[in-house]
Amino acid sequence: EEALGLLLWRALVHVETLQLMDIPLLIEYCSLVLNQCARDHECAKDLKSQEFVILYYYSSLMKHAEALNNNELLAKTREHQLVHLVA
């Protein structure tokens with residue numbers, strides 16, 4: 001899990017990878033993990049865990065939002081209250 005999460009993080013740094021991804025699914029996954037962390041404060045124990053790597057996924061999404069389908073990305077982010085969960 002850790003190695004795959006880190007590999008995906010490194011890939012998501014590039015906008016081309018994000019353009020090929022299912023962005024709504026990535027946003028839903030980020031929301032799922034962050035909601036779990038909000039319920040269980042003991043979930044994030046390791047810097048390589050998905051709970052920390054999610055923040056890098058979110059960062060890449062927002063960094064490349066203009067190059068992606070901006071309307072869909074922002075609508076899904078709002079729908080899942082991702083900004084609130086990250087803050």
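Is Thr-77 buried or exposed? Before I answer, let me say that this is a predicted model, in which local features need pLDDT of at least 70 and side-chain atom pairs count only at pLDDT 80 or more, while totals for chains, interfaces and linings use all residues. Residues are numbered from 1 along each chain as its sequence is written, and side-chain values use heavy atoms, with hydrogens and water left out.

Thr-77 is buried, with a relative accessible area of 5%, where buried means under 20%, exposed over 50% and partly exposed in between, using a 1.4 Å probe and protein chains only. Thr-77 sits in helix 5, residues 70–79; helices here are DSSP runs of H or I with at least four residues, numbered from the N terminus. Leaving aside residues up to four places away in sequence, Thr-77 touches Ile-27, Met-62, Leu-82 and Val-83, a contact being heavy atoms within 4.5 Å.

Let me turn to the helix pairs. Two packed helices are described by the angle between their axes and the distance between the axes. The axes are lines fitted to C-alpha atoms, for helices over the stretch in contact, and the angles run from 0 to 180 degrees between N-to-C directions. Angles under 35 degrees count as roughly parallel, over 145 as roughly antiparallel, 65 to 115 as roughly perpendicular, and the rest as oblique.

Helix 3 and helix 5 pack at an angle of about 25 degrees with their axes 10 Å apart, which makes helix 3 roughly parallel to helix 5. On the helix 3 side the contact is made by Ile-23, Pro-24 and Ile-27, and on the helix 5 side by Glu-72, Leu-73, Lys-76 and Thr-77. These residues divide into four nonpolar, one polar and two charged, with Ala, Val, Leu, Ile, Met, Phe, Trp, Tyr, Cys and Pro counted as nonpolar, Asp, Glu, Lys and Arg as charged, and the others, Gly among them, as polar.

Helix 3, residues 23–39, also meets helix 4, residues 50–63, their axes coming within 10 Å and crossing at roughly 140 degrees, and the two are therefore oblique to each other. This crossing is left-handed. Helix 3 contributes Ile-23, Leu-26, Ile-27, Tyr-29, Cys-30, Val-33, Leu-34 and Cys-37, and helix 4 contributes Gln-50, Glu-51, Ile-54, Tyr-57 and Leu-61; by class there are 11 nonpolar, one polar and one charged.

Cys-30, one of those contact residues, is buried, with a relative accessible area of 1%. With a disulfide taken as a pair of cysteine sulfur atoms within 2.5 Å, the count comes to zero.

Finally, helix 1 and helix 4 have axes that come within 9 Å and cross at roughly 15 degrees, and they are therefore roughly parallel to each other, in a left-handed crossing. Gly-5, Leu-6, Leu-8, Trp-9 and Leu-12 in helix 1 meet Val-53, Tyr-56, Tyr-57 and Ser-60 in helix 4, and this set comprises seven nonpolar, two polar and no charged residues. Ala-3 belongs to helix 1, residues 2–12, and is exposed, with a relative accessible area of 61%. The C-alpha atoms of Ala-3 and Ser-49 are separated by 9.3 Å, although these residues are 46 residues apart along the chain.

Conventions:
A crossing is left-handed if the near helix is turned anticlockwise from the far one by less than a right angle, and right-handed if clockwise.
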